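Please look over the model below before reading the points.

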Number of protein chains: 2
Amino acid sequence: MEEKNQYLKEITPMDEDFSQWYIDTILKAELADYSTVRGCIVFRPYGYAIWENMQQLLDRRFKETGHKNAYFPLFIPESLLQKEAEHVEGFAPEVAWVTHGGSDELVERLAVRPTSETIICSMYSKWIKSWRDLPVLINQWANVVRWEKSTRPFLRTSEFLWQEGHTAHRTEEEAEEETLRMLEVYRDFVETELAIPVIKGRKTENEKFAGALRTYTIEALMKDGKALQAGTSHNLGQHFAKVFDIQYLDTDGQLKYVWQTSWGVSTRLIGALIMVHGDNKGLKIPPRIAPVQAIIIPIPGQESEKVFEKAKELSAGLNSRFRVEVDFNDEKTPGWKFSEYEMKGVPLRIEIGPRDVKNDQVVLVRRDTGEKMVISQDALDVKIGEVLEDIQRNMFTQARAFVEKNTREVHSFDEFKETIENKKGFVKANWCGSTECELAIKDETMATIRCIPFEGSEPDGGCVHCGNRATKKVIFARSY
Amino acid sequence: MEEKNQYLKEITPMDEDFSQWYIDTILKAELADYSTVRGCIVFRPYGYAIWENMQQLLDRRFKETGHKNAYFPLFIPESLLQKEAEHVEGFAPEVAWVTHGGSDELVERLAVRPTSETIICSMYSKWIKSWRDLPVLINQWANVVRWEKSTRPFLRTSEFLWQEGHTAHRTEEEAEEETLRMLEVYRDFVETELAIPVIKGRKTENEKFAGALRTYTIEALMKDGKALQAGTSHNLGQHFAKVFDIQYLDTDGQLKYVWQTSWGVSTRLIGALIMVHGDNKGLKIPPRIAPVQAIIIPIPGQESEKVFEKAKELSAGLNSRFRVEVDFNDEKTPGWKFSEYEMKGVPLRIEIGPRDVKNDQVVLVRRDTGEKMVISQDALDVKIGEVLEDIQRNMFTQARAFVEKNTREVHSFDEFKETIENKKGFVKANWCGSTECELAIKDETMATIRCIPFEGSEPDGGCVHCGNRATKKVIFARSY
Ligand SMILES: [Zn+2]
Ligand SMILES: [Zn+2]
């Protein structure tokens, strides 16, 4: 029974051990659990509900920008995966291989998809014939597998869930527009719905996607000062089109290769959500994405029946506009429940006791500020809407203030090392543009270039590492 | 280029070759395509949109009956799969095995899930401790893999998409209630949304799910007279609970094993949809599930600009209530488009030409009956709602009439064989209840017992095969 109860232990304070705080929070809030399969987690209902909300809010954005969903096979024949040289080099080391079907050995090994460019390109080469077939704007919601050596729930697991968009276009400009459009969709989604501020930028050659021409990224900052890549959008150029022979007959009668993009976000975003907003009490979930936006806790006193009835009535009235639940459990005290739902990050608590029933009121308590408000039941509907919006806004503002406070410019390599090591966060520094310097810095400090930001990348001094002329001011950090 | 164009060929008539009609329709309507992976299809956007609509309508029903979604790992360690003897025997022959991660051989082979009872039970044994933890009502939307020898799009593919519900209960009665509740959810969904009439019943011991106590099914009849199992719901009893040690402390202080259920429907339902409603022109999709409920086809004539403008305006006005598209392609004639959208099974066509613009009217054409109606544009919104409902109703009525016409009672084995061979359809016959007779009949006629129906299973004569006392009147058919 030891093991059975391990997830009931208290949450380790953040400052004491951030990694342990992260794991404790996930297990105690029942977002996920370890499975018997190495590196694979189980998404429990509370964690999966967050993913469902994310899916819904993203999917709407994809469809509004003209994309349609499709589904491609889980398995990719080895020969197909090997067609694009950089791509296979990037992914082969972490592929899970299927070698047998039933008791028969397969003639060719099948990769469990680590990403779907190759299988999708093999279909696009069949489907695309004329300029009239373009653009192709397809997205897929799927599970993918990358056989990781060390894993951490949501952030790095052997199997994870994601969406991957794959588009084909007539011109380079159109592909670049699409790449940036989807990066902006991600920024808007992550900032608006998850209340996570991000920096938009371009990845260096060394950090770009295996097989891409250019990779763009949105980078977020966790509370321990480490960066997390929250979404990427790739301009694939014609690399895959040439290898997979995806050609179209243009209006001028010429056969031309298409220009492609791919872009994705994954269940890592749940990890980001935890580490950007959480505190020592546990989770703090932004209202727009919260599975439960408000929890009603009856405080029965001497008149449990009346209180329960009113709680039920209020919940029924609110449920068309908000995600509201009532906790009727009579084995737990109200005080226990207060901590429980704070730990689960429910944005708003609604307390109702006998006196509240008598006075037609309730007590609202905000998870983000702890503020208590006595509200008349008549005004509840309107008030909850306002308060939830205010919580959403406040959580974003707080997170943005944290990023601002933890973004530092440095002008010498000593300062760089000292900042990365002791202050952490984003470090802005001039860079000469050479991969040698980039790798040497990574070697010495474990910090990578997170991105060449769209804003503020004009250099104002020599390369922070070699002192040569800098071409860009870029953002470094240690990262997940 | 030969291969590139193969899916543009005409549709083989149903009577000539039903199987070829089925494949032609799928490829031409762009529901799916063959992939480079043996036995795996690609769900193209039009086919996947049908699945998305099914998911939405089912998911709502699952949540209304108290279920929550979760997600369990794709991989199942071999030792876990082997725990329940009947279960592994049923699934092992068709498991795809992962043996390598990157370049390393795995210590233990991993099954790509053929179904998730075992991995889910391993978690339930960790999560369930007290009667207060029950019932556990979880559903999962996932891909599953069964390495099939011969495959057919949607009906039998190596990988397919489905949902699998997995619940745990305190008592046998509760588990049985849940099993039947979900069977009824399936019946309601399939009949109401897909307009496919089904027969509810119980599977024989020989046909039940590997590891179940009892399996219930809904059976549908395709236009070629073959049956298709459209959904199953299993009462798992305590088989898995005992093997995986899923015990709870009851109110009486005793440790007891839980009672479990599992239930699922899959992308096979798309196959059923095609084969129940389709005709020689192609697909016929019931309005409630159709990705496009009405297609507006402008007939530009001399005043293309006015016509296009009005078409756009009408579409914008209808889009909040209906799924409406306009086909502006100026390369195809209206006549070509009429056939195209009939082939794609769009329930309603809206034609608009210069005279219609002038007269504030449009022409509506029903896919199910071919009926044409001239409708004033003011009344369009209301009229479309009515007509779509009528199409849905009519398609169900027609499908039900087909089942009634093709359900026959027989009282001798000669009559049985003659009916199965020449008339096809559902054959009702008395059965002694022995597996020997069941298997002998299957051997001689390729017909299986589809179910022991909930209604009308009282025998009225001797077993159709051995002549001994019959215990039930059951439903036989050849099936997919
Ligand atoms: Zn340098
Ligand atoms: Zn018999």
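The points below take up a metal site and a set of paired strands in this predicted model.

1. In chain A, the zinc ion (ligand 1) is held by the SG atoms of Cys432(A), Cys437(A), Cys463(A) and Cys466(A), at 2.2 to 2.4 Å.

2. Geometry. The angles among the 4 donor atoms of the zinc ion (ligand 1) run from 103 to 116 degrees, and the site is tetrahedral. For four tetrahedral donors, the ideal angle is 109.5 degrees.

3. Position of the donors along the chain. The spacing of the donors of the zinc ion (ligand 1) is C-x4-C-x25-C-x2-C.

4. Strand β22 in chain B. How many residues of strand β22 (residues 448-453) of chain B are buried? The count is 6 of 6, so the strand is mostly covered.

5. Pairing of β22(B). Strand β9 (residues 199-202) of chain B pairs with β22(B) in the antiparallel sense over 2 bridges; Arg202(B) has Ile452(B) as its bridge partner in β22(B). Strand β23 (residues 472-477) of chain B also runs antiparallel to β22(B), and 3 bridges join them. Here Ile449(B) stands opposite Phe476(B) in β23(B).

Key: Residues are numbered from 1 along each chain as its sequence is written. Chains are lettered from A and ligands numbered from 1 in the order in which they are written. This is a predicted model: local features need pLDDT of at least 70, side-chain atom pairs count only at pLDDT 80 or more; totals for chains, interfaces and linings use all residues. Side-chain values use heavy atoms; hydrogens and water are left out. Buried means under 20% relative accessible area, exposed over 50%, partly exposed in between (1.4 Å probe, protein chains only). Helices (H or I, at least four residues) and strands (E, at least two) are DSSP runs, numbered from the N terminus. Two strands pair if DSSP finds at least two bridges between them. Donors are N, O and S atoms within 2.8 Å of the metal (3.2 Å for Na, K and Ca); water is not among the atoms, so sites may look incomplete. Four donors count as tetrahedral if all angles lie between 85 and 135 degrees; four count as square planar and six as octahedral if opposite donors are over 155 degrees apart and all others between 65 and 115; anything else is irregular.
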